[in-house]
Amino acid sequence: MFFIGMKTGTGEGRDDLGRFYTYYTLEELEDHLRTAGLTPAENWTGYGKGLSGQYSGWAVIRADG
């Protein structure tokens, strides 16, 4: 079992704290997991305020291997 959680979106950029992110959509993340030989089983998505104070989308995916 494998869990991954991250901000979602498109493109790349820095947040207000200077952290650099490459953003992926939920579909892209699931495709990457399949390419790695895992099977996405469940996902949770949401939208909230992070440590930098910015609001963004996020996803958590559970995959089986």
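Tutor: W58 lies in strand β5, residues 55-64; strands are DSSP runs of E with at least two residues, numbered from the N terminus. This is a predicted model, in which local features need pLDDT of at least 70 and side-chain atom pairs count only at pLDDT 80 or more, while totals for chains, interfaces and linings use all residues. Residues are numbered from 1 along each chain as its sequence is written, and side-chain values use heavy atoms, leaving out hydrogens and water.

Student: Why is W58 called partly exposed?

Tutor: Buried means under 20% relative accessible area, exposed over 50%, and partly exposed in between (1.4 Å probe, protein chains only). W58 has a relative accessible area of 36%, so it is partly exposed.

Student: Why does K7 count as buried?

Tutor: The relative accessibility of K7 is 15%, and therefore K7 counts as buried. K7 is placed in strand β1, residues 2-7.

Student: Which residues is K7 in contact with, leaving aside its neighbours within four places in sequence?

Tutor: Contact means heavy atoms within 4.5 Å. By that criterion K7 is in contact with D15, R19, Y21, Y23, Y24, S56, G57 and W58.

Student: What makes β1 and β4 edge strands?

Tutor: Two strands pair if DSSP finds at least two bridges between them. Three strands form an open sheet, ordered β1-β5-β4, with antiparallel pairing. Both β1 and β4 (39-49) pair on one side only, and they are the edge strands.

Student: How many bridges join β4 to β5?

Tutor: These antiparallel strands are joined by 10 bridges. T39, for instance, has D64 in β5 as its bridge partner.

Conventions. Helices (H or I, at least four residues) and strands (E, at least two) are DSSP runs, numbered from the N terminus.
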